[in-house]
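Q: Could you walk me through this one? I'd like to start with how the chains meet and then look at some particular spots.

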Amino acid sequence: MTATDPLRFHVPAPSARPGEPPDFSYVAVPAAGAVRRPAIDAMATDIRDLADTMIRVLDDEARAIGPWSPPTSPDDLRRGLRAMMKTRAYDDRMQRAQRQGKTSFYMRCTGEEAIAVGHALELGPRDMYFPTYRQQGWLIARDWPLVDMMCQIFSNEKDRLHGRQMPVMYSARAAGFVSISGNLGTQYVQAVGWAMASAIKGDTCIASGVVGEGTTAEADFHYALTFAAAYRAPVILNVVNNQWAISSSQAVAGGESATFAARAIGHGIAALRVDGNDNLAVLAATRWARERALANHGPTLIEWVTYRAGAHSTSDDPSKYRPADEWKSWPLGDPIERLASHLIGTGSLSELQQSELQAEVEAEVMSAAREAESYGTLLDGRVAGFKSIFEDVFKEMPPHLMRQREQAGL
Amino acid sequence: MASMSMNAAVRSALDVMLGRDDNVVVFGEDVGFFGGVFRCTEGLQAKYGSHRVFDTPIAEGGIIGVAVGMGAYGLRPVPEIQFADYVYPGLDQLISEAARLRYRSAAEFTAPITVRMPCGGGIHGGQTHSQSPEALFTHVCGLKTVMPSTPYEAKGLLIAAIEDDDPVVFLEPKRLYNGPFDGHHDRPVVPWSAHPLGDVPDGYYTIPLGTAAIRRPGSDVTVLAYGTMVYVAETAAAEVGIDAEIIDLRTLLPLDTDTIEQSVRKTGRCVIVHEATRTSGFGAELAATVQELCFYSLEAPIERVTGWDTPYPHAQEWDYFPGPARVGAALRRVVGA
Ligand SMILES: Cc1ncc(C[n+]2csc(CCOP(=O)(O)OP(=O)(O)O)c2C)c(N)n1
C-alpha cells in the first residue's frame with residue numbers, strides 16, 4: 001500500500017437483499033436489565049456509554065428486569081397493550097380501505113406500535129408531540145376518536161382538515177399532536193423551538209420531536225441538536241430507527257459507522273439507545289428524559305431500535321429491495337406479543353382476555369369505519385368540498401384570492 | 001426506435017450517457033438498488049456499478065451540494081430529487097452555489113450538473129407531491145430550466161442537459177410518465193405504447209436546450225404551454241373548436257422567444273397555461289415577454305390559466321388542476337367566440 005494507490009469509493013449496502021437470508025448480525029442485543037440507569041441529572045459526558053448499548057426491560061421470557069423496569073401498574077400496561085392492538089387493527093382496516101379505493105394512500109406502523117403508544121402514555125397532557133406519519137399510535141393511546149382520524153383518511157366532509165392534506169397527515173392540537181407536514185425533518189427543529197418557548201415563558205411543559213433514522217441526514221436534524229444543546233431546551237429528540245427508509249437501509253444514513261444515538265454525543269446531549277419493541281423500556285426511557293427536561297437538565301436524544309414490518313406506504317413494494325421474510329428474523333420480536341406475554345406471565349392478563357381484547361378493538365375499529373365511511377370516501381366521491389380550498393391560506397382572504405374564488409364559480 | 005414510456009425514456013437517456021461518458025454519475029434517494037420511486041433509474045446500478053449509480057442519504061441540500069463539488073472536480077452528476085416538492089432544503093446549494101460558481105470564479109470552477117425532479121399534480125399527492133416550482137428556478141440567474149412533455153423530448157432534452165456545461169433543473173411532469181394526460185381524469189389512461197409520441201430512438205440524440213416546438217399549428221390564437229398542460233391545451237382547443245397554435249416551450253430558460261414572437265405576430269392572441277400557482281408564476285414572465293415583443297400585433301388581452309394561489313389540495317385535486325374546461329373558456333374569451 002502506497003500513498004498513490006487509487007482511492008476506492010465506499011457505498012453502504014444493507015446486510016441482505018431479496019433472495020438472501022436475512023442477516024441482523026449488525027444489531028447487537030444486550031441482555032435485558034444489563035444497562036445502568038443514571039440519575040436524571042447525570043452529565044451527558046458521563047453517560048456516553050448509553051448511546052452504544054440498548055436499554056431493555058423485557059427479557060426473553062417477557063419478565064421485566066433491571067434498573068429501568070418502570071414502576072407501572074398492570075392497569076396502565078393493559079391500557080398500553082390495548083392501544084397497541086387497536087393501532088394494529090386500525091392500520092389493517094385503513095390499508096384495506098386503500099385497496100378498496102376509499103382513500104388514495106395509507107401508511108402503517110406495524111412493528112413500531114410500542115414507541116408512539118408508550119410515549120403518549122408517559123408524556124403529560126400539555127406536552128407537545130411533533131410526530132412523523134408513523135406515530136398514529138399516539139392519537140390512539142390518547143383515545144382520540146377513530147372516526148375523526150378516519151374522516152381525515154377519507155377526505156370526507158367531516159375531515160377537520162377539509163380534504164387538504166394527504167391521508168395520515170393528521171393534526172390534533174387537543175391531543176398534543178402537531179399537524180404533520182410531509183416534508184421530512186422540518187418539524188424536528190420546531191419541537192426544539194416549542195421547548196425553548198416553554199422555557200422562555202417559564203412554563204412546565206416539554207416538547208418531543210420525531211424523525212426516522214433516514215431523516216437524520218436532513219440538515220434540520222442537525223439544527224435541532226445544535227439549538228437544543230445551546231439552549232438546554234426541554235425537548236426529547238426521538239430517532240425511530242426502523243432499519244429502512246423506503247428502500248435505503250439504515251447504513252445509507254450513516255448507521256454503519258455509529259449508532260444514531262451517538263449523534264448526540266458531539267453536541268453534549270444525553271443519549272439513550274432503547275429497544276423500541278419493548279413497551280416497558282419505552283415507558284422508562286421516556287419518563288427519564290421527561291423528568292430530566294422538566295428539571296432543567298436539558299434535552300435527551302433517544303434512538304428507538306425497531307423494525308418497519310410493513311411496506312413504507314401503500315405505494316411501496318418492499319419485496320423489491322429486502323428479503324421478504326426479514327421481519328420474522330428481527331431479533332427484537334413483535335412489541336404487541338412481547339407486552340402481552342409479559343402481562344400473561346405476571347398474571348395480569350389471561351389468554352382469553354387477550355382474545356377478547358382483540359375482538360373488542362376490532363369491533364371498535366369496524367364500527368368507527370362504518371360511521372366514517374357513511375360520511376363519504378374517495379370511492380363514492382363524497383369528499384370535502386372545493387369551496388374551502390381558498391380558506392386558511394391567510395387569516396383574511398386577500399383580494400387576489402377573492403377574485404380567484406369568484407373565477408372558480410364559488 | 002422503440003416504444004417507451006416517459007420514465008423509460010429518462011432511463012434510456014441516463015443509460016446512454018452513463019455508457020458514453022465515464023464522468024456521468026447518477027444518485028439520489030432510492031435511485032440505486034431500487035431504481036427510483038418512479039423507476040427512472042431501474043437496472044442502471046446493476047449495469048454500471050454502485051460507484052456510478054447510488055443511493056444517497058435523505059438530504060436534498062447534501063445531494064445538490066455533493067453534486068456541485070463533483071461537478072467542480074470534473075464529473076457530470078445527475079442527481080435526482082425524489083419529488084420537486086422536496087427540493088427546498090437544496091435551494092441554497094442550487095441558488096447560491098451551483099448557479100453562481102461560474103460567475104464568481106470567472107469560470108475557474110463550474111457546476112455542470114443536471115438536477116432531475118418529478119413535478120406537477122394529478123396523482124392525489126396533496127401539497128407535498130404535486131407542486132410545480134419552475135418559476136423559482138427561472139428566477140435564478142445561472143440556472144437553466146427544462147420541462148419535457150413527451151418521451152422523445154424527455155430523452156433528447158435530458159441528454160442535452162447532461163452535456164450542457166451549466167447547471168440545469170430538469171422537471172419531469174410525473175402525470176406524463178405513463179401516458180399523455182389532458183386533464184380528463186375520469187377517462188382511461190392511454191399508455192405511451194399506444195401513442196405516436198412514445199416512439200423513441202434507442203441510441204444517442206439530443207434536442208437543443210432553448211428550442212420550443214409547435215405542437216399544433218393554428219391561426220386563431222397562440223397557446224404557450226409546457227409539460228402536462230400541452231395536452232390539456234390541445235384537448236381544450238379541440239373541444240371548443242378553436243384553431244389554436246399550441247407551442248410546447250420545452251425549455252423555460254433559455255426561452256425560445258423567436259418561436260413565440262412569430263406565432264403571436266401571426267395569431268394576434270395569446271393564452272398562457274401552467275399548472276403552477278398564478279402570482280409571480282412563469283406565466284407572468286411569458287406575458288411580459290409577449291407584450292414586449294408583440295404589443296402592436298395583439299388584438300386581445302393576454303390570458304393566463306393557472307393553478308389557484310393556494311397549496312395543492314388533496315381531495316379537491318381536479319378542482320385545482322387547470323383542466324380543459326378552464327383552458328377552453330379562456331380560449332373562447334380571447335378569440336371573442
Ligand atoms: C424532504 C423530503 N425528502 C424526501 C421525502 C420522501 N420520503 C418520504 S418518507 C421517506 C423515507 C423516510 O425514512 P425514515 O426517516 O427512516 O422514516 P420511516 O419512513 O422509515 O419511518 C422519503 C425519502 C420527503 N417526504 N421529504
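Predicted model: local features only at pLDDT ≥ 70, side-chain atom pairs only at ≥ 80, totals over all residues.

Q: How many residues of chain B are in contact with chain A?
A: On the chain B side 37 residues are in contact, and they meet 43 residues of chain A. The two chains bury about 3100 Å² between them, with 63% of it on carbon and sulfur atoms.

Q: And which residues in chain B lose the most area to chain A?
A: Those are Ile58(B), Trp308(B) and His314(B), which together account for 21% of what that side buries.

Q: Switching to helix 5 of chain A, what does its buried side pack against?
A: The buried residues of that helix, among them Tyr188(A), Val192(A) and Met196(A), pack against strand 1, strand 2, helix 6 and strand 3 of chain A. After helix 5 of chain A comes Gly202(A), whose phi is positive, near 65 degrees.

Q: OK, Ser149(B) next: buried or exposed?
A: Ser149(B) is buried, with a relative accessible area of 0%, and its place is in the loop between strand 6 and helix 7 of chain B. Its side chain makes a polar contact with the side chain of Arg215(B) at 3.0 Å, and the residues that Ser149(B) touches also include Met6(B), Trp192(B) and Asp248(B).

Q: Back to salt bridges, how many are there over all chains?
A: A search of the whole structure finds 41. One of them joins the side chains of Glu153(B) and Arg250(B) (3.6 Å, N to O). Glu153(B) lies in helix 7 of chain B and Arg250(B) in the loop between strand 11 and strand 12, so the pair ties together parts that are 97 residues apart in sequence.

Q: How accessible are Glu153(B) and Arg250(B)?
A: Glu153(B) counts as buried at 4% relative accessibility, and Arg250(B) is buried too, with a relative accessible area of 10%.

Q: What about Arg216(B) and Asp243(B)?
A: Their side chains meet in a salt bridge at 2.8 Å, N to O. Arg216(B) is partly exposed, with a relative accessible area of 31%, and Asp243(B) is partly exposed at 26%.

Methods. Residues numbered from 1 in each chain as written. Chains lettered and ligands numbered in written order. Heavy atoms only, no water. Contact = heavy atoms within 4.5 Å. Buried area = accessible area lost by both parts, 1.4 Å probe. Buried < 20%, exposed > 50% of the residue type's maximum accessible area, 1.4 Å probe, protein only. Helix = DSSP H or I, 4+ residues; strand = E, 2+ residues; numbered from the N terminus. Polar contact = N/O pair within 3.5 Å; in protein donor to acceptor, adjacent residues only side chain to side chain. Salt bridge = Lys/Arg side-chain N within 4 Å of Asp/Glu carboxyl O. Lists of a residue's contacts leave out its neighbours within four places in sequence.
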